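This explanation goes through one structure step by step, from whole chains down to a single residue. Keep the sequence and the 3D view at hand while reading.

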Amino acid sequence: MRFAFKTSYAQDLGLFRDGVQRNAYIALFLALLVLPRLVPEYLGDLSLVFIYGLCGVSLMVLAGYTGLVSLGHSAFLGIGAYAHVYFAQDLGVPWVVAVALAAAVTAAAGVLVGLPALRMTGVYLTIATLAFALIIQEVFTRWDRVTGGLKGKPVQKAVVFGLPLGHEVSFYFLCLAFLIAGLWLTSNLLRSPTGRAWVAIRDSEVAAQSMGVNLAVYKTMAFAYSAGLMGVAGALFAHKIGFLAPDIFSVLLSIQFLLMVAVGGLGSLHGAVYGAVFVAMLPVVISQARDAVPVWLGQVFAVFGREAGRAVFSLVDRFVKQPGLEPGIFGLILVLFILFEPLGVYGRWRKITLFFSTFPLYKHATFKRQKSYMRSERLR
Amino acid sequence: MDIILQLVLNGLAVGCIYGLVALGFVLIYKATELVNFAQGDLMMLGAFTCYMLIVWHGFGYWSAVALAVASVALFGALLDRAVLRRVLGQPQFAVVMLTIGLGAVFRSFASITWGSEIYTLPTPFSARATMVGGVSVSHEYVSIIVGTVLLCAVLYVFFTHTRIGVAMQAASQNQLAAYYMGIPVKLMFSLIWAISAGVAAIAGVLLAPVSLIDTNLGFIGLKAFAAAVLGGFGSIPGALVGGLTIGLIELYSGAYLPQGFKDVAAYVVLLLVLAVRPQGMFGAVGRKKV
């Protein structure tokens, strides 16, 4: 097992833990550069992974690092998307400026939600943001002049600095660039006093307050930053889906974002990206499994004769073609993760790496959850 | 004048449903401090089960209702036993995600078992109305209001005058102390879940003739949140009063405000309450002590 011995401040400030980690990230980056050549048929899904990654980072800052669980992020995404399209298409603002404006508008909305949110804790905040998301969705439906109402609004291809980015490959790189920028910005912010204040608020509001962290300022800042990042993601999302309609930004999308941070692993930026890969790729996997699994099971059961194989095939086929199955699978995975791996994919990854790096000496107790008795949130 | 009275009646009926679902939230929250985002979906399961028993298996209305409520209550108890007990004392986030996930599983289960069509539940009160002083009183609405009042009376008597009910109150006020007094706290929690799921099923059965049964019936649960918060999350009378208030506000804003306000009125009220008076009308939640 390697220990990172820090002997200078430069090491402490560095973005990577050591040379090995840096090289690993450089290798990953190079792999992402050549990926479009290797799997051209999945380019669209990969861009979606990057956009979701940005959303995941945004929600991770709020839910994973500041401890404010929001179900309103679909609304922020929607505000970002509609604002971007409105500025870029209806007002003819240059693309980059439109993205910046969308981020600013969304951040302002974040402050608007964040301010009353200062008085709420825990699940109250979740419910309030849920209400916010539902109200904003109705606003999208009714404010036809800007949003196009129920008819929806077509989105043109992105043109950045006069460079049309209509092609899937160029859009892939655009999303990748935004994701890397977002990750870099966020990881820097999280290593700064601001980030430490957020983590302090998450771990104990009272303790943070008594250490001189101004709750109002830092919570509002977390909301604004998270919403702003979501606004940028919304701008990209608008180009990705090519058509905006109010029912895209439903609460189910918010739930998907929460699923992302929960499955990825709360409290780590890695987790946000893992979660994004999971949420964006799972529908692809499911749709392929829909075709593959009945055939496969049919062949297995064909051992008991042709009729049995065919019967199993048609039975399984009918079952997996049910339209309501996919959200159920999402829900089931969420439940299983919360019950059996609360640290998410990232936690599991850390356990596996620790197992191999300390091979004969791995202890289960390292990650054992401490017994937690119920601590009441109510005043007695 | 007539229209105002008519709106009062309809609003009260809708409010009763919100109140019942909110009551389910509050019971569970009071006892275990878990917020059950799947409450609305339990309601949906109740309505579907009742429909299945009546239409597919030819049960009578009352026996079907009793059977549906009992089976959903049993399901709630099993759910607590198998799943929810593991997350007691975990961070709120885990519980919120868990129940949201469970809700999605229930919806998926319903759509696979009963299909994604929209059903109407036939009842003895269907499509009948009596004119009282210029107001058409639909029997379905009366059934909702009467059902709610009866259920609340039963619950009130149960919680204050029976041994088990008092034990449940004790368990929800202080687990450890209740345990020391020899109350089987875990069993009480399962019972609370059973009651809460049963109440949700009754709400579903009462709502089904007015609304239609489909897999998205559970989204009413979101509006019931507004009712629960308005009443102060930990208060049982608060949940009912909150539900009635939300129901009335919703119908009046539908009648007198521009289009679109009806759907969001509940949420606007919710946000206002949370911003102005987060502890709600009958506040039972205060600042956490260290």
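Helices, of at least four residues, and strands, of at least two, are runs in the DSSP assignment and are numbered from the N terminus. The model is a predicted one. Read from the N terminus, chain B has its elements in the order α-α-α-α-β-β-α-α-α-α-α-α-α. That comes to eleven helices and two strands.

Along the principal axes, the C-alpha atoms of chain B fill a box of roughly 60 × 50 × 35 Å. Of its 290 residues, 53% count as buried. Among the contacts in chain B with a separation of 6 or more, 76% are between residues 24 or more positions apart.

Chain A can be described in the same terms. It holds 16 helices and four strands. A compact globule of 380 residues would have a radius of gyration near 21 Å, and the 23 Å of chain A agrees with this. The C-alpha trace of chain A spans about 75 × 65 × 50 Å along its principal axes. Buried residues account for 40% of the 380 residues. Of the contacts in chain A with a separation of 6 or more, 72% join residues 24 or more positions apart.

Chain A is also divided into domains: domain 1 covers 38-281 and domain 2 covers 284-360. The centres of the two domains, taken over C-alpha atoms, are separated by 30 Å. Where the domains of chain A meet, domain 1 contributes 13 residues and domain 2 contributes twelve residues. On the domain 1 side, α12 (251-264) and α13 (269-301) of chain A each supply at least two residues. Helix α13(A) gives the most to that side, with five residues. By kind, the residues of domain 1 that touch domain 2 are seven nonpolar, five polar and one charged.

The next step is the contact between the chains. It takes 49 residues from chain B and 43 residues from chain A. Which helices of chain B each supply at least two residues of the side that touches chain A? They include α4 (92-114), α9 (220-230) and α11 (261-276). The largest share of this side of chain B, 17 residues, comes from α4(B). The residues on the chain B side divide into 29 nonpolar, 13 polar and seven charged.

Take Ile17(B) as one member. Apart from neighbours within four places in sequence, Ile17(B) is in contact with Ile144(B), Ala203(B), Leu206(B), Leu207(B) and Ile220(B).

Helix α3 (residues 61-82) of chain B has 22 residues, and from its first C-alpha to its last it reaches 31 Å, close to the 32 Å expected at 1.5 Å a residue. Its buried residues are Ala64(B), Val65(B), Ala68(B), Val69(B), Val72(B), Ala73(B), Phe75(B), Gly76(B), Ala77(B), Leu79(B) and Asp80(B). An α-helix has 3.6 residues a turn, so residues three or four places apart point the same way. The elements that cover the buried residues of α3(B) include α2 (39-56) and α8 of chain B.

The last stop is one residue in a loop. Gly218(B) sits between α8 and α9 of chain B. Is Gly218(B) buried or exposed? A residue counts as buried if 20 or more other C-beta atoms lie within 10 Å of its own. Gly218(B) has 25 C-beta neighbours inside 10 Å and therefore counts as buried. Leaving out residues up to four places away in sequence, Gly218(B) touches Gly40(B), Asp41(B), Met43(B), Met44(B), Gly103(B) and Arg107(B). Pro184(B) lies 34 residues from Gly218(B) in sequence and 32 Å from Gly218(B) in space, C-alpha to C-alpha.

Definitions and conventions:
Residues numbered from 1 in each chain as written. Chains lettered and ligands numbered in written order. Predicted model: local features only at pLDDT ≥ 70, side-chain atom pairs only at ≥ 80, totals over all residues. Rg over C-alpha atoms; globule rule 2.2 N^0.38 Å. Buried ≥ 20, exposed ≤ 12 C-beta atoms within 10 Å, placed from the backbone. Contact = placed C-beta atoms within 7 Å. Expected span 1.5 Å × (residues − 1). Nonpolar A, V, L, I, M, F, W, Y, C, P; charged D, E, K, R; others polar. Domains from an automatic or database assignment.
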